[in-house]
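I opened the file to look up a few side-chain details. My notes follow in the order I checked them.

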Amino acid sequence: MADKEKMVYDSSSSSRDQSNVEEEDLMAFYGSESGWVEARTHCDHLDTLSSDLTHIPTPDTPCNRCQHPAENWMCLSCKDVLCSRFINKHMLEHYQQQNHSVALSYSDLSVWCFSCNSYLDAQIILPLRSVHETAYILKFGEAPPFRTIECLEVGDNKVNGSTSGN
């Protein structure tokens, strides 16, 4: 009987181990190890955005301070183009000095809020949509692909506050 009990224990232990491995794999795939980032669909720092974000510098504009040609961000308050924290940190310094929180990356067209310390979803947050579209057209020569209705509805629910965490 001890052998049967051991077999039952071993098989249940092995299925528990397997489910732990699957759970860890999923966490690694979707979690911090994968680099996956959930962009926020709400930000309280949009009140300082420029009133004209359809006329912006081109994505090949170098940093206004050091003239570095790559890894540049555009401040969405004053439209200064400055280099990232991985180059000479001029955009970070700009935020610290001017308190202009929101910037658009010309590398990947992501939008970052320094005050929230988070990426923002520029297709869901309406005040950011036009600048994202304009930058995309300037960078790629065509309009950006848009998300399906289902994705926008999920995002709209988050914007309306039906999900927590933002």
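Is Cys63 buried or exposed? I find that Cys63 counts as buried, at 0% relative accessibility. I keep in mind that this is a predicted model.

A search of the whole structure gave me zero. The cysteine sulfur closest to that of Cys63 belongs to Cys66, at 3.7 Å, so the two are too far apart for a bond; the cut-off is 2.5 Å. I noted Cys78 too: its nearest cysteine sulfur is that of Cys75, 3.6 Å away, and Cys78 is in no disulfide. Cys78 has a relative accessible area of 31% and is partly exposed.

Then I turned to salt bridges, of which the structure holds two. One is between Asp52 and Lys79, with the closest N and O atoms 4.0 Å apart. I placed Asp52 in the loop between helix H1 (2–30) and S1, and Lys79 in the loop between S1 and S2, so far as sequence goes 27 residues apart. Asp52 is partly exposed at 27% relative accessible area.

I also recorded the salt bridge of Glu93 with Arg65, 3.3 Å from N to O. This pair links distant parts of the chain, 28 residues apart: Glu93 is in helix H2 and Arg65 in the loop between H1 and S1. Both are partly exposed, Glu93 at 31% and Arg65 at 40% relative accessibility.

Last, I went through helix H2 (residues 90–98). I list His90, Met91, Leu92, His94 and Tyr95 as its buried residues. Their cover includes strands S1 (72–75), S2 (81–83) and S3 (102–105). After H2 comes Asn99, with a positive phi near 60°.

Key. Residues numbered from 1 in each chain as written. Predicted model: local features only at pLDDT ≥ 70, side-chain atom pairs only at ≥ 80, totals over all residues. Heavy atoms only, no water. Buried < 20%, exposed > 50% of the residue type's maximum accessible area, 1.4 Å probe, protein only. Helix = DSSP H or I, 4+ residues; strand = E, 2+ residues; numbered from the N terminus. Contact = heavy atoms within 4.5 Å. Salt bridge = Lys/Arg side-chain N within 4 Å of Asp/Glu carboxyl O.
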